[in-house]
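Visitor: Hi! Could you walk me through this one?
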Amino acid sequence: MPRKLDTLNRIYDEAIVAIIRADSSDGLLQAAQALQAGGLGVIEVTMTTPGALRLIEEASAHFGDAVLFGAGSVLDSETARLAILAGARFLVTPTLDIPTIRMANRYSTPVMMGCYTPSEIKTAWEQGADLIKLFPATQGGIDYLKAVRAPLPQVEFVPTGGIDADNAADFLRAGAFALGIGSSLISEALLKRGDYDEIARRASAFREVITTVNRM
């Protein structure tokens, strides 16, 4: 079993978690290949996508360690366990759920807990969340990230929602551990028309932006 620290380091080094959310699992393996071709190797498959567990299992077997697949939109510990057994290397939730943190820790799997208020963030961190998905990042933006990091500098944040190639570098410079990026990278429209070249192009553009940020 891969070490938890290795997965967290990989997420930090990659700096981007590409979020796949679709109403069909058709073409999602090809989309993952396009993301990889564009230089992105950490992908979150949301549990709202039909056949998400099967996709995670198939993709994990297909890509091996070349791409890390995680499960997103995890609402409870039961779903968390199923995702881990299917091969998810990390878990992402939209809300604070302590039983999911405990399940993730039981299986030594990193969990990114969805929070927004300082009280939610503090509670999740105390309960053992590895990362805090600051969601929705569109509310408050970079200024809010800076505001909550001021009294909670020990917390590692992954802002998600509303991040694009124009503001990604600014979020990282403001102290984000990594960024969750969805529709501005891999939209439902692109998936429906099978425009994998555009997905790869967008992935490459984000990767180029990330390389401009000195994170040492």
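This is a predicted model: local features need pLDDT of at least 70, side-chain atom pairs count only at pLDDT 80 or more; totals for chains, interfaces and linings use all residues.

Visitor: Great. Which residues touch the most other members in the largest nonpolar core?
Guide: Those are Leu-35, Ile-43, Leu-91, Ile-121, Ile-132 and Leu-185, out of 66 residues in that core. Helix H10 (residues 196–210) gives the most to this core, with six residues. A nonpolar core here is a set of buried Ala, Val, Leu, Ile, Met, Phe, Trp, Tyr and Cys residues joined through side-chain atoms within 4.5 Å. Buried means under 20% relative accessible area, exposed over 50%, and partly exposed in between, with a 1.4 Å probe and protein chains only. Helices are DSSP runs of H or I with at least four residues, strands are runs of E with at least two, and both are numbered from the N terminus.

Visitor: What is Ile-121 in contact with, leaving aside neighbours within four places in sequence?
Guide: Ile-121 is in contact with Cys-115, Tyr-116, Ile-132, Leu-134, Val-148, Leu-152, Val-155 and Phe-157, once those neighbours are set aside. Contact means heavy atoms within 4.5 Å. Another core lies apart from the largest one and has twelve residues, including Leu-8, Val-42, Val-158 and Ala-178.

Visitor: On to helix packing. At what angle do H2 and H10 pack?
Guide: At about 35°, with their axes 7 Å apart. Axes are lines fitted to C-alpha atoms, for helices over the stretch in contact, and angles run from 0 to 180 degrees between N-to-C directions. Gln-30, Ala-31, Ala-34 and Leu-35 in H2 meet Tyr-196, Ile-199, Ala-200 and Ala-203 in H10.

Visitor: And how do those residues divide by class?
Guide: Seven are nonpolar, one is polar and none is charged. Ala, Val, Leu, Ile, Met, Phe, Trp, Tyr, Cys and Pro count as nonpolar, Asp, Glu, Lys and Arg as charged, and the others, Gly among them, as polar.

Visitor: What about H4 and H5: how far apart are their axes?
Guide: The axes of helix H4 (residues 77–86) and helix H5 (residues 98–106) are 8 Å apart, at an angle of about 25°. H4 and H5 are therefore roughly parallel to each other. Angles under 35 degrees count as roughly parallel, over 145 as roughly antiparallel, 65 to 115 as roughly perpendicular and the rest as oblique. Ser-77, Ala-80, Arg-81 and Ile-84 in H4 meet Pro-99, Thr-100, Met-103 and Ala-104 in H5. That contact has five nonpolar residues, two polar and one charged.

Visitor: Now single residues. Is Thr-7 buried or exposed?
Guide: Thr-7 is buried, with a relative accessible area of 2%. Thr-7 sits in helix H1 (residues 4–14). Not counting residues up to four places away in sequence, Thr-7 touches Leu-68, Arg-89, Phe-90 and Pro-110.

Visitor: And where is Trp-125?
Guide: Trp-125 is in helix H6 (residues 118–126). At 25% relative accessibility, Trp-125 counts as partly exposed. Leaving aside neighbours within four places in sequence, Trp-125 is in contact with Asp-130, Leu-131, Ile-132, Gln-154, Val-155 and Glu-156.

Note on methods:
Residues are numbered from 1 along each chain as its sequence is written. Side-chain values use heavy atoms; hydrogens and water are left out.
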